[in-house]
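Biologist: I have a model open and want to go through it with you. Can we start with how a pair of helices packs?

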Amino acid sequence: MEEFRRGYARLCAAPQGDVLRRLREPPAPASRARLDLAALGLSLDTCGALGRLLPGAAPFAEVALGDCGLSEEGAKLLLHGLCSNTTVKTLDLKGNNLRTMGAEALGKLLRQNKSIRSLILEWNSLGVWEEGFSFFCQGLGANTVLQRLDLRNNQINHQGAGELAMALKQNASLQELDLRWNNIGLLGGRALLNCLHSNKTLKRLELAGNNVPSDILKAVETRACSAALSASEQAMNHNQDRQTILDETQNRTYILTKEVLSLKDEKTKQFLDLMDTIDKQREEIARSGRMSAARASQLQEALDEQHSIMNSLRAKLQMTEAALALSEQKVHNLGELLNATKQEQTSMAERHFTELQQQKQEGADREGKLLRDLSAASDKNLLLRNQVDELEKKCKVQQDQLFQVKQDLTNTTAELKLRAVQAEERLEMEKKRFKQSLEDMESLRLKEVDHMAQHIEASERSMQDRIQRLEAIRIALEEELSRVKAAALTERGQAEEELIKVRNQARLEEQQRLEHLEEKLRLMTESRDEAQNCCLKQKQMVAEAQAKANQLSLHADGLRRRLEELQQDLNSKEEEKVTEVNKVKVELQEQIGHLQAERTAQEGLREKIAALERQLKALSSNHREALLDKESEISMLLEKLRMKEADISRMREEEAQRASFLQNAIMAYVQGSPLGTHGSRK
């Protein structure tokens with residue numbers, strides 16, 4: 001640090017005492033590789049000396065030059081020196097009002113420097129001139145090492161955002177980009193959103209507070225006025241501006257906290273609604289389980305009855321051989337039918353199972369999204385609180401700096417009295433420059449008003465198109481809902497009809513079997529005497545028939561279980577359809593809320609347009625009054641001219657009369673003289 005101070009004193013023609021004192025101070029243990037010249041007001045000579053000392057391997061990893069009041073030339077010299085630096089990792093240039101030349105120098109720095117990882121450019125004016133900012137964006141696109149970029153409060157409009165989006169498509173190293181409190185607007189936001197599809201390294205993008213166009217004019221006016229003041233007045237005004245900016249940031253943080261709380265309340269309400277729907281679904285599932293249990297008990301009773309009938313039939317079947325053959329044939333046919341129905345039911349069950357898994361996965365994804373949104377909102381709240389703490393710390397530091405500045409002012413009053421004559425001459429020159437800058441700002445303001453009117457018209461057209469598209473989407477969704485409901489009703493009706501058909505068919509088959517068996521029993525009573533000789537042979541056949549009957553009963557049990565599972569699947573399908581309909585309704589309500597918010601934004605834009613039209617009308621009325629005054633003055637001047645011409649003509653007539661009188665008098669005198677009489681005699 002001592003060698004750096006000596007080099008500064010040697011290279012600078014007029015070294016600044018504040019800079020020398022800051023370089024002479026011993027660094028803190030945590031900032032041994034830090035050059036901190038923040039809030040010192042660096043002159044052009046100091047910037048040139050620092051620009052010659054910083055190239056190469058300077059002994060600093062961090063350079064803090066915030067609120068130094070750098071001029072365009074000074075910033076250019078400093079940044080030119082940093083282009084070939086290889087040790088600086090962090091560069092802080094906030095609050096220096098960098099514009100065209102500063103933006104071009106920063107673009108050159110980003111293109112050539114290979115060591116800077118973090119660049120802080122908060123509270124500048126890089127977005128005022130489009131050409132300089134486009135050069136800066138080209139440098140950002142060519143950079144390969146920068147990881148963090150802070151561009152808060154830089155008056156960047158939607159065109160500048162488009163240039164940034166093109167740069168982000170080419171950049172492959174930037175991870176954090178802060179664009180809060182600019183004037184990006186709707187078009188710029190869309191451009192940045194589109195560039196994220198191709199950029200794979202950007203992890204954090206801040207876009208809060210980008211719809212306040214009045215702050216741009218205020219910032220430009222305050223900075224233009226502060227350029228004409230002396231060094232002490234400039235420092236005081238700069239601190240006052242900081243205080244107003246801190247108040248505005250506190251108000252904005254308060255509004256943001258309110259919005260975060262409202263979002264939390266909405267998320268909690270949505271979570272409670274989801275829990276209620278889940279509880280309802282669980283109750284419906286329990287109810288369906290009870291119904292299925294009751295059905296199972298009924299089916300079990302029917303099975304018990306059938307088992308008793310089968311036992312009685314077994315006792316009777318021991319007497320007949322022909323009946324066993326017929327029953328074997330029927331059993332074979334029934335086995336084939338059961339296999340066919342089994343295959344169909346297994347395919348249906350697999351399809352239902354896959355659909356249920358998909359729907360469960362979708363529900364889990366939606367719950368995960370809600371939890372992620374809640375965590376993001378809490379993180380934002382913590383970030384806002386941290387920012388408020390940082391701003392309070394900055395306020396305390398700035399108050400200490402104000403006290404030091406007051407002491408310095410008391411020490412420098414004597415020097416200022418000696419330089420008063422030179423300051424007055426400079427003030428006259430600065431007044432001329434200030435008048436010229438005011439004229440330039442007025443022309444810029446007129447251009448920006450025209451541009452804003454065109455932008456508002458384009459945004460209105462785009463919002464109308466978007467509203468029409470959203471209405472078409474809403475109509476299509478309603479049609480899809482109606483179609484889904486109709487399809488669900490038809491599927492449910494078909495399933496119920498199939499169940500009724502299956503039940504009727506089973507009942508008919510059982511009745512036919514009973515009638516057939518009763519007829520066989522009558523025949524068997526008649527042939528009982530004849531069948532006693534063949535009992536031994538038929539016992540073996542009966543054992544085989546019993547085994548086959550057991551297999552058939554097992555198949556029947558499996559079919560009943562599958563029927564119960566299908567019934568449960570149908571009930572779950574109906575419940576899921578009801579939940580999907582409710583979710584679609586909620587999404588439609590959210591879209592309607594977004595549309596209403598956009599409509600309110602359009603109404604605000606219309607009010608702004610009406611205010612601008614009223615201003616134009618007032619200007620036109622003033623212009624008309626001035627024209628009328630001028631016309632009245634012209635008419636008065638014309639009347640005065642007529643009076644003057646009349647006076648001139650009267651004076652000419654009087655002079656002609658006098659001349660004629662004189663001529664007559666002369667003639668009379670000549671004729672009355674002796675010369676006249678002598679001439680007449682001759």
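Modeller: Take α4, residues 72-82, and α5, residues 100-112: their axes come within 9 Å and cross at roughly 5°. That makes α4 roughly parallel to α5, since angles under 35 degrees count as roughly parallel. Keep in mind that this is a predicted model.

Biologist: Which residues in α4 and α5 meet?

Modeller: On the α4 side they are E72, E73, K76, L79, H80 and L82, and on the α5 side T100, M101, G102, A105, L106, K108 and L109. Sorted by class, the contact of α4 with α5 has six nonpolar, three polar and four charged residues.

Biologist: Moving on to the core. Which residues have the most contacts inside the largest nonpolar core?

Modeller: L106, F136, L149 and L151 do, in a core of 57 residues. In soluble globular proteins, nonpolar side chains tend to be buried together.

Biologist: And which elements give two or more residues to this core?

Modeller: The helices α1 (2-11), α2 (17-24), α3 (44-53), α4, α5, α6 (130-142), α7 (158-170) and α8 (185-195).

Biologist: What does L151 touch, not counting residues up to four places away in sequence?

Modeller: L121, L126, F136, I156, L164, L177, D178, L179, R180 and N182. F136 is also listed with L151 among the residues with the most contacts inside the core.

Biologist: Sheet next. What order do the strands come in, and is the pairing parallel or antiparallel?

Modeller: The order is β1-β2-β3-β4-β5-β6-β7, seven strands in an open sheet, with parallel pairing. β1 (34-36) and β7 (204-206) are the edge strands, each pairing on one side only. From one strand to the next the twist averages 0°.

Biologist: How many bridges join β6 to β7?

Modeller: Three, with β6 covering residues 176-178 and the two strands running parallel. One of the pairings is E176 with R204, the latter in β7.

Biologist: What about the whole chain: how many helices and strands?

Modeller: The secondary structure comes to 15 helices and seven strands. The chain has 682 residues, and 26% of them are buried.

Biologist: What share of the contacts between residues at least 6 apart in sequence join residues at least 24 apart?

Modeller: That share is 87% in the protein chain.

Biologist: Let me pick a residue. Is L20 buried or exposed?

Modeller: L20 counts as buried because its relative accessibility is 17%, and the cut-off for buried is under 20%. L20 sits in helix α2.

Biologist: What does L20 touch, leaving out residues up to four places away in sequence?

Modeller: R5, Y8, A9 and P15.

Biologist: Is Q155 buried or exposed?

Modeller: Buried, because the relative accessible area of Q155 is 9%.

Methods
Residues numbered from 1 in each chain as written. Predicted model: local features only at pLDDT ≥ 70, side-chain atom pairs only at ≥ 80, totals over all residues. Heavy atoms only, no water. Axes fitted to C-alpha atoms, helices over the stretch in contact; angles between N-to-C directions. Helix = DSSP H or I, 4+ residues; strand = E, 2+ residues; numbered from the N terminus. Parallel < 35°, antiparallel > 145°, perpendicular 65-115°, else oblique. Contact = heavy atoms within 4.5 Å. Nonpolar A, V, L, I, M, F, W, Y, C, P; charged D, E, K, R; others polar. Core = buried A, V, L, I, M, F, W, Y, C linked by side-chain atoms within 4.5 Å. Buried < 20%, exposed > 50% of the residue type's maximum accessible area, 1.4 Å probe, protein only. Pairing = 2+ DSSP bridges.
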